[in-house]
Amino acid sequence: MGDPDGYPHELVHEVVLRDATRVVVRPIRPDDAGQLVALYGRLSRHTAYQRFFTVMKRLPPDWAALLATVDYQRRLALVAEHHGEVVSVARWEPTERDDTVEVAFVVQDGWQNRGLGTRLFLDLLAAARARGHARFVAYVLGDNTRMLDLIRRFTHVEQRLVESGVVEVLFTLPTP
């Protein structure tokens, strides 16, 4: 299958992680839906819960198809792949506010603590800035300190609200 219309080839690049492992970061394609199902199947229950706030036996194929189909402007997802296997996904989705997009990502357990999440987060924010998005919201479980710290370190946090153990973080990009 070829790349979909509007596929942003300029976002495809190689990343070298802290341990010298190389991964390719690229925009998601609709034909990655099966890869998303497979990635979910490799996540620990803890990691799956931190991303989806629930644990499913399997990522439903219709969800995977929806998550893999983006327009690269209002909705974008970046995947990190190693030898053709997707090991991480970062995305933004529109919200009810025209000036704010929701950010979420997941890194397969064996790929955590290697700098991949940070690199993917920064790549996602750079792609957002290039497409005119500068205001973000993330919903993070209160015990997901790594994600909360990542947002705090690389963005300007405007607001933090906590409800039922979920932190809603409203943030903007720092001035370049």
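Analyst: In this predicted model, Phe136 and Phe171 are both buried. Their ring centres lie 5.4 Å apart with the planes at 20°; planes under 30 degrees apart count as stacked, so this pair is stacked. Phe136 belongs to strand S6 (residues 135-141) and Phe171 to strand S8 (residues 166-172), so the contact ties together parts that are 35 residues apart in sequence. These two residues also belong to an aromatic cluster, which they form with Phe105 and Phe121.

The count of aromatic pairs comes to four. One of them joins Tyr7 and Tyr72 in an edge-to-face arrangement, at 5.5 Å centre to centre and with 80° between the planes. Tyr7 is located in the segment before strand S1 (13-16), while Tyr72 is in the loop between helix H3 (61-68) and strand S3 (76-82); the pair therefore ties together parts that are 65 residues apart in sequence. Both Tyr7 and Tyr72 are buried.

A further ring is involved in a contact with a charge: the charged end of Arg114 sits over the ring of Trp111, at 4.2 Å from the ring centre.

His83, in the loop between S3 and strand S4 (85-94), has a positive phi of about 50° although it is not a glycine. His83 is exposed, with a relative accessible area of 76%. Ser164 also has a positive phi, of about 55°, and is not a glycine. Ser164 is found in the loop between strand S7 (156-163) and S8, and at 75% relative accessibility it counts as exposed.

Notes
Residues are numbered from 1 along each chain as its sequence is written. This is a predicted model: local features need pLDDT of at least 70, side-chain atom pairs count only at pLDDT 80 or more; totals for chains, interfaces and linings use all residues. Side-chain values use heavy atoms; hydrogens and water are left out. Rings of Phe, Tyr and Trp (its six-membered ring) pair if their centres lie within 6.5 Å; planes under 30 degrees apart count as stacked, over 60 as edge-to-face and the rest as tilted. Helices (H or I, at least four residues) and strands (E, at least two) are DSSP runs, numbered from the N terminus. Buried means under 20% relative accessible area, exposed over 50%, partly exposed in between (1.4 Å probe, protein chains only). A charge sits over a ring if NZ of Lys or CZ of Arg is within 6 Å of the ring centre and within 35 degrees of the ring normal.
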